[in-house]
Amino acid sequence: MRGRVFFSGLILAVLVLFTVSLVIGPAQIGPMESLRSLIAGDGGPLTLVMREIRLPRALLALLVGGSLGLAGAAMQGYLRNPLADPGLIGVSGSAALGAVLAIQTGFAAGFALGLPLAALAGALAGVFVVLALAGPRGTSLTLILAGIAISSLTGALISLVLNLSPNPFAANEIVFWMMGSLADRSMTHVWIALPFALLGAVLLASLRRGLDALTLGEDSAAAMGIGLSRLRLTLVFGTACVIGASTAVAGSIGFVGLVVPHILRRWVDARPGRLLGASALGGAAMVLAADIAVRIVVPSKDLKLGVLTALVGAPLFLHMIYRTRREGL
Amino acid sequence: MTGDETLLAVSELSVTLRGRPVLSELSFEVGRRELIGLIGANGAGKTTLMRACLGLIPYQGRSSLADLPPQDRSRRAAWMPQAREIAWPVTVETLVMLGRIPHLGPRQRASETDRLAVYHALKEMGLEAFRQRTATRLSGGEQARALLARAMAQDTPLLLADEPIAGLDPAHQIATMQSFARLAEAGRSVIVSLHDLGLAARHCTRLIVLDAGGIVADGAPDTVLTPSLIRDVFGITAWFEHTDQGPVFQPLEVLE
Amino acid sequence: MAVAGEDPARPARVVSLNLCTDQLAMMLAGDGQLLSVSHLAYDPRSSAMAEDARGYHKNHELAEEIYLLDPGLVLAGRYSDRATVSMLKRLGIPVAVFDPAYSLDDVRARITEMGAALRQQERAAAMLRDFDTRLADLQAEVTRRPRTAIYHANGYTTGDRTLSGQILLAAGLANVASEAGLSSGGVMPLEVLALAAPEALVTGTPYPGASRSEEILDHPVVETLRHTLPGTRIADHDWLCGTPYVLRAIEDIAALRRRIEQEGQ
């Protein structure tokens with residue numbers, strides 16, 4: 001019962017934030033007027049604004065946030081470690097590297113899905129390296145260290161690639177790839193990200209039982225009929241899909257996958273399986289809220305989403321590290 | 001094919017871990033109504049044997065359980081590993097409910113049957129009052145009981161438990177062995193590894209003694225716990241008598 | 001402008017560090033007077049005089065290489081690397097610093113200043129006369145100024161108080177950036193652009209290689225405007241610097257204005 005109320009509340013929050021996101025923007029349009037021109041569509045500039053600027057932006061916030069929350073909950077469930085966030089452990093960074101390489105080599109311009117596929121490949125490499133380094137049950141120390149190493153390496157490579165670009169704007173885009181933004185995205189971006197995000201979500205959602213069982217450790221889970229190697233494979237591909245899709249269109253946004261599961265865990269009785277859906281909704285709400293905030297705080301500038309998520313997430317991260325240390329890692 | 005009366009059939013089972021032979025060509029069968037104590041010195045291969053029987057590690061030879069598809073196997077045998085791992089702060093009830101996973105379809109929710117199994121397991125382990133407590137905040141012994149209840153809730157004909165009573169207070173050690181005995185009386189079987197030969201002698205219907213990678217004795221406690229076996233396998237002397245209050249086994253001295 | 005060092009003679013071995021001073025110097029210097037121009041002057045995208053630049057030594061605005069050229073005068077922009085400029089000054093090299101041009105008057109002033117720095121006042125005066133004549137020809141009387149948007153990568157636009165804005169005004173167009181309060185330029189969000197409903201669109205030309213910053217120029221909103229409105233692409237080499245080449249930019253925009261009026265009829 002409590003669970004049903006909780007999930008309804010989350011869905012309501014996402015719906016409200018989605019609507020607010022639609023009616024907020026640098027152009028001052030009345031909320032009712034903007035929603036009307038979104039639905040009715042008279043072909044005028046207002047409809048253009050609503051359908052080509054605000055709708056894709058709100059949809060992408062939903063999609064990217066859901067992806068980040070879901071991936072965070074899934075990685076944490078698998079590694080049985082609350083510090084596993086796709087941004088912190090370098091998966092988003094490696095996805096961004098894949099995307100940057102695709103854009104700079106022209107692979108992304110070559111065909112429509114080139115960009116998300118390259119980001120997916122990057123994310124895949126990142127997840128693979130993290131899991132290889134962290135081992136079956138990632139201790140906090142190895143996770144954080146692996147994250148630092150991968151993030152530094154991918155960050156350096158992104159900077160290198162962008163600085164080598166003949167395009168004078170490219171070098172200034174390091175910030176976008178490191179911090180993420182949803183400004184000036186179009187429905188094209190929704191369409192290229194959506195298939196991979198959905199595929200990844202289906203894969204990760206199928207892990208519910210397995211992640212629940214892993215609460216008792218690998219041996220118990222295996223004895224309960226959970227195929228661990230298949231679970232691992234599904235996790236790797238599912239995570240790479242959602243992170244690849246979201247990073248390709250929005251850059252890497254950190255801490256969503258850390259903060260959201262941490263806050264929501266107690267509401268789902270700490271069950272990793274139920275946390276998946278809750279975190280997807282919570283992540284969507286968090287990114288929608290962050291994207292609303294960046295438009296309110298500095299309407300004229302493209303404040304990066306990662307700035308806000310880090311302002312919320314980094315102190316929490318420090319607190320969690322402190323607590324992990326007290327508990328003897 | 002495993003018959004109704006044979007819950008586990010192992011033949012010529014060998015395990016090599018990291019190039020070192022740990023078990024070689026073991027054979028035994030487990031029928032119904034057995035409470036089997038798996039005993040042996042440290043490193044004798046008790047854990048390895050149980051994990052190999054379940055097919056959790058690579059092995060040579062045959063184990064009727066490991067041959068089954070994982071889903072079927074998980075409805076025939078439950079496993080409580082020695083590592084008491086509870087990764088998340090779930091309630092005791094949720095923890096025990098995890099044991100019902102093998103009985104649920106992919107999207108199926110817990111039914112009345114599942115809740116009943118959880119209720120019985122909690123009651124059997126004396127954890128009714130702990131239902132809503134957070135499992136990670138319990139004491140080590142309480143966690144062990146909760147994890148045992150979880151394995152019991154799996155409601156399988158065979159239960160394998162790796163040192164389930166280590167770290168429990170005397171009352172709960174005895175109570176746990178009595179729970180196993182009740183399971184056996186109800187037609188199931190339990191394989192339990194343990195170091196307390198006194199409890200093993202008193203409660204088990206059968207003892208399997210592991211030494212140097214093989215089974216050195218297999219039978220009722222009376223026939224197994226001979227002074228020579230105690231000397232050769234454990235390097236100790238012991239006092240073992242049938243008394244008015246049942247069999248009493250007391251280790252005495254370490255042999256030089 | 002500031003000339004460090006007092007030398008009554010015409011400076012020799014002149015080295016320029018800035019795209020705009022590069023071009024003015026190439027136009028005004030006497031034979032053999034200008035030694036080196038910056039590497040940007042060689043790029044036909046940004047430089048109107050890429051061909052001419054080949055006749056000079058190419059520098060990369062690094063203090064060390066400039067010093068080794070043993071310059072008699074260094075020409076720098078206000079926004080040239082400060083460390084480089086101050087080091088050159090410390091080494092006793094005269095440095096003339098030029099402000100960017102934000103208006104056509106600024107262009108005239110820069111020509112005069114460059115003439116003074118190079119001690120080529122007569123050439124500068126001749127260039128000014130020519131500039132004024134051509135500008136007067138271009139500035140036809142207009143009764144109506146079609147509202148135009150200038151749109152660059154990252155949604156950047158330039159208003160009336162910029163050289164691009166002045167080019168637009170001189171050609172007889174109005175700039176929507178100034179309506180939106182961005183007369184010095186700044187980011188105009190896509191939705192503001194869409195709702196401004198301009199009558200013409202002037203966009204930047206994409207650079208080689210790809211960038212996310214330039215993706216905005218292919219955004220459906222910009223695409224829609226580009227397909228429905230008369231417009232043109234900015235040729236950076238004529239627009240970036242306050243040199244007489246801005247007259248070519250004004251000619252291009254004046255041609256756009258004639259197209260707008262034809263389509264309006």
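**A covered strand in chain B**

Modeller: Strand S6 (residues 158–162) of chain B is mostly covered, with 5 of its 5 residues buried. Buried means that 20 or more other C-beta atoms lie within 10 Å of the residue's own, exposed means 12 or fewer, and partly exposed lies in between, with C-beta atoms placed from the backbone. Strands (E, at least two residues) and helices (H or I, at least four) are DSSP runs, numbered from the N terminus. This is a predicted model, in which local features need pLDDT of at least 70 and side-chain atom pairs count only at pLDDT 80 or more, while totals for chains, interfaces and linings use all residues. Residues are numbered from 1 along each chain as its sequence is written, and chains are lettered from A and ligands numbered from 1 in the order in which they are written.

In a regular strand the side chains alternate between the two faces of the sheet. In S6(B), Leu158(B), Leu160(B) and Asp162(B) point one way, and Leu159(B) and Ala161(B) point the other way. Both sets are buried.

S6(B) has strand partners, where pairing requires at least two DSSP bridges between two strands. Strand S5 (residues 77–80) of chain B runs parallel to S6(B) and is joined to it by 4 bridges; there, Ala78(B) stands opposite Leu159(B). Strand S7 (residues 189–193) of chain B also pairs with S6(B) in the parallel sense, over 5 bridges, and its Ser189(B) stands opposite Leu158(B).

Together with helix H6 (residues 170–185) of chain B, S6(B) and S7(B) make a right-handed β-α-β unit. Right-handed means that, with the strands pointing away from the viewer, the path from the first strand over the helix to the second runs clockwise.
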